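I opened the notebook today to look up a few features of one protein, starting from the whole and then turning to single places. The sequence and structure come next, with my entries below them.

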Amino acid sequence: MAALTKHIHTHFFQPLFASFNFQSRSLRSPTRISPTLSFRNSDSHFIEALKLVDEFDPEIPLEKAVTPPSSWYTDPSFFDLELDRVFHRGWQAVGYVEQLKDPHDFFTGRLGNVEYVVCKDNNKKVRAFHNVCRHHASLLASGCGKKSCFVCPYHGWTYGLDGGLLKATRINGIQNFDVNDFGLVPLPVATWGPFVLLNLDEKLSSELVVDEDKVAYEWLGSCADLLSLNGVDASLSFVCRREYTIECNWKVFCDNYLDGGYHVPYAHKGLASNLKLESYSTEIFEAVSIQSCKGGGESKGDDYGRLGPEALYAFVYPNFMINRYGPWMDTNLVLPLGPRKCLVVFDYFLETPFKNDESFIQQSLEDSERVQIEDIILCEGVQKGLESPAYKFGRYAPSVENAMHHFHRLLHLNLTK
């Protein structure tokens, strides 16, 4: 990885019975009937949760500020508010472009109560849809792989990779049925560098032509070029994925990431011995914070080859981390599963010259796994503490926890919109 470029900004099936085939259907996009997209709640649903939002004041300077209250991490109504205001709005990282290398490739996922499928169609266009059959709401696909069409496992309704309804089984005698009204419901999808992004905002769901330059700015702000210059790009090879279900609120994991290396010498002694922690620095952008640290050049430990001369840790609001160090890049996607549970998805990527070095890869992944287990213990302990009556709120360490404060301020901004 190139040395970190300093650029400091602070900103704010087939059926057994009769069926209908629709290969000659209209070429216009399937009509979306608005009730299928009404997954948001009205403000009145969130009255109590909005009161909790007001318990944090984002205008108080870092040096005087208290952290958000423990209720932000434990209250079910607050969690529902976050899904509505944070995760169902704006661009979200959901995968990587290597998952969609060829036509017919697809992957699925879930964010909040939204099930989605992303695919590459016959014309090599990346598309995304709600992963829900329009007949009786069965999920269409699961996992990832290749499909030439999506066949509902429940009643065999079949959809093309463009979302259009191709076949509806056993609907003889049906009236007032227009095939164009029952295609899959599309979602805006874009790519930036190695990543695939979705936007679940129902206000944008009709905009199927996406300006990816605009998306890059909306997602990354003014640091998009900085990340590209520092090796965050599509040239890296995917190595593996690891997933961790953690008994903590999703924000606990994010806070741990954003403490400016504060916990590293205490919780990650092996990692700390291969970093020059005194060089740790943080840069704040509009919706991104970048932490960086020099590697321990004199170290003879196994970890140095993994970490390289400098490590970059980028947090992309609200729940995505990009870590670039040595020949490696790993990403952490934090998915909320409930007020006290999250799923963290780690994807590992490697520079091409190293992708056949099995010994190096195995050792690096073992080193990384050790750090993740240490962090899981920390985060689950913090969650237990947040549920204690002894804790209401805390304070920030001003010299190192400015990225955490920035995260909390962005959250407050989203939650009050």
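I take accessible areas from the Shrake-Rupley method with a 1.4 Å probe, and for residues only the protein chains shown count as cover. With that, I note an accessible surface of about 18900 Å² for the protein, of which 53% belongs to carbon and sulfur atoms.

I am working with a predicted model, in which local features need pLDDT of at least 70 and side-chain atom pairs count only at pLDDT 80 or more, while totals for chains, interfaces and linings use all residues. Residues are numbered from 1 along each chain as its sequence is written, and side-chain values use heavy atoms, with hydrogens and water left out.

Overall entry: I find ten helices and 18 strands in the protein, where helices (H or I, at least four residues) and strands (E, at least two) are DSSP runs numbered from the N terminus. Of the 417 residues, 54% count as buried; buried means under 20% relative accessible area, exposed over 50%, and partly exposed in between (1.4 Å probe, protein chains only).

Strand S2 entry: I looked up residues 91-96 and found that six of the six residues of S2 are buried, so this strand is largely enclosed by the rest of the structure. S2 pairs with strand S11 (residues 195-199) in the antiparallel sense over five bridges, pairing being called if DSSP finds at least two bridges between two strands. Within that pairing, Trp91 has Asn199 of S11 as its bridge partner.

Loop entries: I located both Arg170 and Asn176 in the loop between S9 and S10. Phi of Arg170 is near 50°, a positive value in a residue other than glycine, and Asn176, also not a glycine, has a positive phi of about 50°. Arg170 counts as exposed because its relative accessibility is 54%, and Asn176 counts as exposed at 82%.

For Asn274, I noted a place in the loop between helix H7 (269-272) and S13; at 4% relative accessibility, Asn274 counts as buried.

Peptide bond entry: I found a cis peptide bond joining Tyr317 and Pro318, with omega about 10°, and I placed Pro318 in the loop between strand S15 (310-316) and S16.
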